[in-house]
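Please walk me through how to read the strands, cavities and cores of a model.

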Amino acid sequence: MQLTSIAVEGVGRFGGRARIDGLGPGVNVLMAANEAGKSTLFRAIRACLFERHSTKNEFVKALASDGLALPVTVTLGFEHEGAVYSLRKSFLKSPAASLRRGDRELARGAQADELVWELLGIARGQGRSMDDAAFGLLWVGQGQSFRLPQPSDGASSVLNAAIQSELGDIVGGERARVVLNGLKAELGRLVTDKGKPKANGPLASAEDRLTLIDDDLAEAERRLAILDQQFGQLAARQRERARWADPAETARQLAALDEARKAHQAAESMAAILAQYEADERQARAVCERERQKLTSLLERADRIDGDRERLRQLEQALKPLDKREKAARLALTEARSALAAVTAEGERLEDEERQLQRIVSVAERAASRDLLQQRQRQLADLARRQQENAAALRANPASTAVIARLDEIERDLEMISARLMAAAPQVSIMPGPAGAGLIQLDGAAVDGALHRSALEPMTIKVGGDGGEIATITIMPAMASLAADRKKQQALQADLAALLAELDFADADALRADRARRQELEVEARSLQAEAKGLGLGQETAAAAAERVGREIEDIEASLARTLSELGLVALSSPEDLERRQAAVQQGRDEIRRKRASLDGMLAAQNEILAGIADQRGRLQGTEAEIRNRFAADLAVLPDEERDQRLGELQEACHRADEAHRLKVAALEAQRRSAPSPEECERLRIRVTRLEEALENRKAQIAQLDREIAHLEGQIQSAGGDGIGEKVETLRAQRDLEMREVERQWARAASLQLLRDTIEDCYKAQRDRLHAPLQRHLRPLVNDVFPAAELALGDGFAVAGLKRAGPEAEGFDRLSAGTQEQIAVLVRLAMGAMLAERGHEVPIVLDDALVYSDDDRIERMFDALNRAGRRQQVIVLTCRMRTFSRLGGNTLSIVQGLD
């Protein structure tokens, strides 16, 4: 097969018709910029060959032009086995297909789809997929050039067929591949690639049945074991109940409990008597402590009465000098306040005088600014007048920027149409000779010299002399071809006339003259805006600012008159007089501040003295009151005349209480020696509790064993009648049968694996011989790019590595990205050459390949591409126009809008 042309419509960026002609044998290069549609055309070719015309899959939908309701239409021209074919398909909207050979239509619709695949040897894949065989190897899409070719089943068949045609039938050829595929399919029904049973296969089914039987057998054996275990448990429970119900052991425990209870009661009685003795001792000790505390408290009160009597005498002596100090401080405070009142009155007078002076100074300053405000008012009024005049002139001039832009647009369109009409109209040239002067007329006007004109309208040329008219020549332009442009020209001329009439101008030159005057006015307007900005005007207009300044001047004059009237002045004082009076007032205020500060310090000092005296008196009087209250209370409790008698009585009471407590302590010690200890009482109580719990536990254990025995007897009765033993034997026999079936299936899988491995070993042994035809075509291509190097091939035509200087091959995945891409392209070229040699010619298509090749390496790749082009068609799509211009071959271009 060899492509000759492609045409598309409604495909990607090609909303209209676009085509590539001139595709020929050898190297064909389509160089175009990014987004020119190269990859789109490549995808359109694939869709036309490999997709049904009725499909609506995502690959075809992606070809449609955005926003257009046109069908995706692709027409492909190609040669095959000496015949010329044309294939046309429309997708999505109005789907259709047609295959022609020469001028004769061979098939249409679905028959055309199938017949193309039959011609090119393309087989349907699984389901709706398509195995594009050698086309999938040799047609490399954008971004796919880095990947090594991975042959599909169809491509592998074509490659092996080409090898067999050269080497004959050998193990590892197409027949071996078919046998291997059959073995793998049969083995795949039994086990997975990892040697596990295949789901739903015969081996997995047998193992599943065996698993079910094993589960049933395990369940039956489990139930049988449980029954045996229950018999053992029943016997053990019965023996255990007999042991717990022994009468002799029960009698022994009852006797021990009765003895423990009697010992515990005796110990409790003696402990109660000891507790009574301890209570009597505690009561006697408390009485002793109370009598002693009374004596101690009375002694402390007597000492406090003597101390308070002395402290009251000392406080009376300390209060006497405070009255004299307070009187002196109050006298000084009264004098200071009188002086401060006189100073305050003088300060208020000076403040009134200062406020009056400040009003006069403020009015004087505003009066001084009146002249400046009047000058600014005149400037603003003049600016407002000029702005009004400029605005009126601009309103009267209609030649705005938008109007001129519209005028320029109409004139530009008229010039373009006129130029197009002049170019399309016939050109009339008249060159009168020396004897022809006055003998030629063009549309009634004499032609005296050379004349060149485009015939936009019918022309009449008359030739004649005194002897009469010689000839009349009429030139008629092709009006049909000029009709659209003439109609547009007339419409534009009408637009121009309407624009001039609307603005009341005779012609465009007058409008442009007004435009020049308007531009001067616009410059003047910007100058006035700058002047307003220089005068500090923001959003306020000059006229409004002038009115505002006028109001300020009136306010100043009114304020001046009002201030003079209120102060009773005829005129303002001079600035020097005002300054002198302000200085005198300031000096007086400074003197007042110094006097006030001195008097404030004196007042503060005397107040502080008075506060200190009051604080000291308050503290002394408070202490005196506190001591007097306590002293009176103590004397009321312990008068001086009763002190000795009461102290003697309390001392005697303490002696009697001590003697009574000593007797109680002796009796308590005697009782403690005869009574049991608390630990012994606790031990006896614990023993009684323990023996009682042991008897209760024995009764509970016997009752629990009775319940368990009854439960086990019920379980044994219910489980003993369902034939557990017979069921176990039956399941064991079924398991033996299924185990033999599983072993048979595993033996079959092992045999198939051994046969597969044997054939694959033979294939590996013959691999170098199998690769020889491909290496024969690959070696010169590799040497074009990598001199003295060789590619090592692995299984399935995979590239194992690159042998260069040393004996060891470099792994393909360790090579640079650019080298990997170059090798991938070279392998495809070799495969294409081998297929072409054996009659399976398929074009090689490379879309934006060799993107990482340096200058030297890409020159060698160009040599390899041209070598491949001697055997078959090579089509290169690239955006690197400068680099690929050195590739040579047939240069292609995309032509749009032509049939």
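The dialogue below takes up the sheet, the cavity and the nonpolar cores in turn.

Q: What kind of model is this, and how are residues numbered?
A: This is a predicted model, in which local features need pLDDT of at least 70 and side-chain atom pairs count only at pLDDT 80 or more, while totals for chains, interfaces and linings use all residues. Residues are numbered from 1 along each chain as its sequence is written, and side-chain values use heavy atoms, with hydrogens and water left out.

Q: In what order do the strands of the open sheet of seven stand?
A: Strands of a sheet pair through backbone hydrogen bonds, either parallel or antiparallel. Here the order is β7-β6-β5-β4-β1-β2-β23, with antiparallel pairing. β7 and β23 (895–896) each have a single partner strand, so one side of each edge strand lacks a neighbour in the sheet. Strands are DSSP runs of E with at least two residues, helices are runs of H or I with at least four, and both are numbered from the N terminus; two strands pair if DSSP finds at least two bridges between them.

Q: How many bridges join β4 to β5, and β6 to β7?
A: Strand β4 (residues 72–80) pairs with strand β5 (residues 83–91) over nine bridges, and Val 72 stands opposite Phe 91 in β5. Four bridges join β6 (residues 96–101) to β7 (residues 104–108), where Arg 100 faces Glu 105. Two residues lie between the strands of this hairpin, and Gly 102 has a positive phi near 65 degrees.

Q: What volume does the largest cavity have?
A: Rolling a probe the size of a water molecule over the atoms shows where empty space is left. A cavity is a set of points, on a 1 Å grid over the protein atoms alone, where a 1.4 Å probe fits but cannot get out; lining residues have an atom within 4 Å of a point. The search of the whole structure finds one cavity of 30 Å³ or more, and the largest has a volume of about 120 Å³. Its 13 lining residues include Ile 6, Ile 20, Ile 45, Ile 875 and Leu 877, the closest to its centre. Helix α1 gives the largest share of the lining, three residues.

Q: Which residues touch the most other members of the largest nonpolar core?
A: In soluble globular proteins, nonpolar side chains tend to be buried together. A core joins buried (under 20% relative accessible area, 1.4 Å probe, protein chains only) Ala, Val, Leu, Ile, Met, Phe, Trp, Tyr and Cys residues through side-chain atoms within 4.5 Å. Of the 83 residues in the largest one, Val 8, Leu 49, Phe 135, Trp 139, Ile 823, Leu 826 and Leu 865 touch the most other members. Helix α19 (residues 817–837) supplies the largest share, nine residues.

Key:
1 Å grid on protein atoms, 1.4 Å probe; cavity = no way out; pocket = protein on both sides within 12 Å on 5 of 7 lines; lining within 4 Å. Points joined across faces, edges and corners; volume = space filled by probe spheres on them. Buried < 20%, exposed > 50% of the residue type's maximum accessible area, 1.4 Å probe, protein only.
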